[in-house]
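I opened the model to look up backbone geometry. Notes follow.

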Amino acid sequence: MDVYGLVGDPVGHSLSPPMHEAAYDAVGMDARYVTFEPDDAAAAVAGAADLGVAGLNVTVPFKEAALDAVDPDPVAARVGAVNTVDFSTDPPTGTNTDVAGVERAFTHHDVDPAGATAVVVGAGGAARAAAFALAEPTAALHVANRTAERAEALAADVRESVGGEVTAGGLDSLAESVPDADLLVNATSVGMETDETPVPADLLHADLAVLDAVYAPLDTRLLREARAAGATTVDGAWMLLYQGAEAFERWTGEEAPVAAMNRALRAELG
Ligand code: NAP
């Protein structure tokens, strides 16, 4: 039996075990997916290799610390965070499948970022993944965050490693950027377990595709207001699903059984 798992703190309510175990059942793999809350993430990742763990996901607050325990691939190095470790190499390889999670969530909804104008709201871990996912294909990217300095810092990182037109500002800059945007990603925690939105409804329009990284609740106020404005909406479970599918594919070399994983995830989310 192969063992995969998740390292984070807390991980008790993680949706990854049912999602990944649904994948193993769907493809007939003899494998389990377990969760760990270590004190020292880098030591845990190093120890997992000795224990014969086949693959690990890494989540908050260890995604940055895990960089020290792996050979980061170019995506993880750019983002500065690891969420997936592959132990089939020595040293283990670290990647960041949140980036593919954003890309594939849009693709699943027939939204093509190529040449688009995008706005990412937030400057934390999810926003970094979204900004690096969108910087290359889009023609212009704007990062807006409550703390404008953090948005500036993320935009500077993206400009330095990807290039292109990347601007930044506080949340007040949404008033100028969202009306002209094709893509909008909420990568703040606003809307999580509350009925708040970081983007005023009157800025939303029918030419937008809106991805909300928040998945609890699934139908956030932002998505409801975007739908009312005629926009295409993509909920946070799609990002979660595709970061998991991408990890599965890295570990196994096989196409992920996305439909089975999606069913398990949505059953958990209600
Ligand atoms: P994080 O690193 O802690 O970043 C939080 C972000 O939210 C920061 O930009 C912060 O702004 C902003 N923020 C927090 N409270 C705010 C408020 N009251 N008003 C305006 N902005 C506020 O968190 P994260 O890991 O990026 O996660 C962000 C969200 O994405 C969470 O809801 C998380 O569950 C979700 N997420 C989803 C996926 C997925 O696969 N769907 C993956 C990762 C994360 P400041 O910089 O000003 O503090």
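I took helices (H or I, at least four residues) and strands (E, at least two) as DSSP runs, numbered from the N terminus. This is a predicted model, where local features need pLDDT of at least 70, side-chain atom pairs count only at pLDDT 80 or more, and totals for chains, interfaces and linings use all residues. Residues are numbered from 1 along each chain as its sequence is written, and side-chain values use heavy atoms, with hydrogens and water left out.

Entry one, peptide bonds. I looked up the bond from Asp-90 to Pro-91 and found it cis, with omega near 5°. Pro-91 sits in the loop between β5 (84–86) and β6 (93–95). I then went to Asp-9 and Pro-10. A cis peptide bond joins them, and omega is about 5°. I placed Pro-10 in the loop between β1 (2–7) and α1 (16–27).

Entry two, positive phi. I checked Asp-110, which is not a glycine, and read a positive phi near 60°. Asp-110 lies in the loop between α4 (97–108) and β7 (117–121). Is Asp-110 buried or exposed? I noted a relative accessible area of 72%, so Asp-110 is exposed. My cut-offs were under 20% relative accessible area for buried, over 50% for exposed and in between for partly exposed (1.4 Å probe, protein chains only).

Where is Glu-193 found? I located Glu-193 in the loop between β10 (183–186) and β11 (209–212). Glu-193 has a relative accessible area of 63%, so I logged Glu-193 as exposed.
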